[in-house]
Amino acid sequence: GGLQGALTAPSPQDWEQRQEEDTLLIERILLLVRNVLHVPPDPTEEQGVDGDASVHDRVLWALHISGMDDLLKFLASAQVEQQWALHVLEIISLMFRDQNPEELAVLGQGPAGAEHREDTRELETLRQRELAEKRARALQRPSRHSRFGGSYVLQGLKSIGDRDVVFHKGLHNLKSYSHDLGKEPRRVPRRRQAA
């Protein structure tokens with residue numbers, strides 16, 4: 001109640017006119033909260049059933065019910081309250097003392113986050129399977145041989161104009177070279193074919 005009363009001022013002018021007693025009160029309350037949260041857990045005292053809330057968790061719940069967490073958020077974000085930043089930071093770090101970051105992230109996402117992670121895992125599995133199949137297909141494919149045998153200039157044989165003939169087939173085909181090599185044979189209609 002004291003912290004709330006000291007912090008909930010009606011106008012910005014009152015922030016500047018805040019009494020020194022109010023400043024001391026706020027600091028003492030923040031230090032009290034910090035010291036309460038700083039108490040280390042005692043496993044011999046806390047022999048509850050699995051799943052029971054620990055003393056630390058119950059303190060955090062009491063802070064939440066009292067609205068202290070909202071006040072801490074206000075102190076952390078208000079420009080005029082920067083003098084309390086280190087106290088607030090220490091309290092927040094003590095609040096999350098026993099928590100695992102990965103578990104907190106999962107809890108924050110809720111069921112939608114769990115579904116998204118499941119979908120992502122399935123997609124990754126399918127992608128890996130597809131890559132493996134593609135690799136297997138590539139290994140089964142016969143190696144392609146290049147049909148390009150090279151290009152040669154036939155000196156002494158003239159093409160159209162004054163240039164030498166450029167021969168694009170393999171050298172073993174050179175014996176059967178003619179100017180008509182590679183050209184489509186001209187079709188003669190049936191009625192004009194020789195009997």
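Modeller: Quick ground rules: residues are numbered from 1 along each chain as its sequence is written, and side-chain values use heavy atoms, with hydrogens and water left out. As the model is predicted, local features need pLDDT of at least 70 and side-chain atom pairs count only at pLDDT 80 or more, while totals for chains, interfaces and linings use all residues.

Biologist: At what angle do helix α5 and helix α6 pack?

Modeller: Helices here are DSSP runs (H or I, at least four residues), numbered from the N terminus. α5 covers residues 68–77 and α6 covers residues 85–95, with their axes 10 Å apart. Axes are lines fitted to C-alpha atoms over the stretch in contact, and angles run from 0 to 180 degrees between N-to-C directions. The packing angle is about 135°.

Biologist: Which residues of α5 and α6 make the contact?

Modeller: Contact means heavy atoms within 4.5 Å. On the α6 side, the contact uses V88, I91 and M95. From α5 come L72, L75 and A76.

Biologist: Is H87 buried or exposed?

Modeller: H87 sits in helix α6 and touches E27, L30 and L31, leaving aside residues up to four places away in sequence. Buried means under 20% relative accessible area, exposed over 50%, and partly exposed in between (1.4 Å probe, protein chains only). At a relative accessible area of 19%, H87 is buried.

Biologist: Which residues does L30 touch?

Modeller: Residues up to four places away in sequence are not counted. That leaves L72, L75, W84, H87 and I91.

Notes. Helices (H or I, at least four residues) and strands (E, at least two) are DSSP runs, numbered from the N terminus.
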